Amino acid sequence: MTVAVDLRGVSKRYPGGTVALSGVDLAVRPGEFVCLVGASGCGKSTLLNLVAGLDSVTDGSIEVDGGRAAFMFQEPALFPWLKVGQNVEVPLKLRGVGRASRRARARELLETVRLGDVVDKRPHELSGGMRQRVALARTLAHDAGVLLMDEPFAALDAMTRDALHDELERVWLERNLTVLFVTHNVSEAVRLGDRIILLASRPGRVIEEFEVEAPRPRRLDSPDVAALAGRVTERLKEEVRRHVG
Ligand SMILES: Nc1ncnc2c1ncn2[C@@H]1O[C@H](COP(=O)(O)OP(=O)(O)OP(=O)(O)O)[C@@H](O)[C@H]1O
């Protein structure tokens, strides 16, 4: 398969009649980092949920290389009564991995996100940024080649978010992952994405794509990033005005 995630003519109508997506075609290449941006309510989360298999399409088809994807949300959603290492072990336990290998693997994944020294702590002892890194390690424990991320850094302060961008970019490159990343933050999309997909609402559909050519690693405040973020934002505003007007 030369496509990691393949959406063809995907439409989603919710019971009650809202058409959240209409005729969405999107082919994500293996190893590609694709960011989805668009105004509130344009169907970004719906699209990720469909790719994750949490909900089913009304029309069209979705194929995911390897058959499944791992999901990471805005809230880390760690189990507070479990230690950090045990939280990362959860997906491994569900797959029936034995105790000793589970432990070793959880530690290795925590080391990947530079948290090898907090294996035995509880989530409440960590900062928000650290908790989100634990959530990333737990997502990696699913061993899926495709990562779906729904505004994973939206609740973090700017400096922590910056550090997490570096962290995610490193892990993505090291592990050759394919990422589909939803964000409201256009600069974040330009900082991280190989490609930005702009969605419009009512019904949600793809209206434009932007290739991000700036070399990595990018800085949020670099002129290249700011220039493209400006273009994407302009296009987004046009679309919002079209709806209001
Ligand atoms: N379970 C549901 N039942 C009915 N309508 C829904 C459901 N989930 C989402 N919708 C509607 O579908 C549309 C798309 O919602 P979705 O959450 O996918 O958008 P979004 O782009 O992720 O929004 P935001 O950026 O605000 O998170 C919205 O009009 C929303 O009200």
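## Ground rules

Two strands pair here if DSSP finds at least two bridges between them. The strands themselves are DSSP runs (E, at least two residues), numbered from the N terminus.

Keep in mind that this is a predicted model: local features need pLDDT of at least 70, side-chain atom pairs count only at pLDDT 80 or more, and totals for chains, interfaces and linings use all residues. Residues are numbered from 1 along each chain as its sequence is written.

Let's start with the open sheet of six strands, which has mixed pairing and goes in the order 5-6-7-3-8-9. Strand 5 (69-72) and strand 9 (205-211) sit at its edges; each has a single partner strand, so one side of each is left without a neighbour in the sheet. From one strand to the next, the twist averages 20° (axes are lines fitted to C-alpha atoms, and angles run from 0 to 180 degrees between N-to-C directions).

Strand 5 runs parallel to strand 6 (residues 146-150), and four bridges join the two. If you want a spot to look at, find Ala 69: its bridge partner in strand 6 is Val 146.

Strand 1 (residues 5-13) pairs with strand 4 in the antiparallel sense, over five bridges. Leu 7 has Ile 62 as its bridge partner in strand 4.
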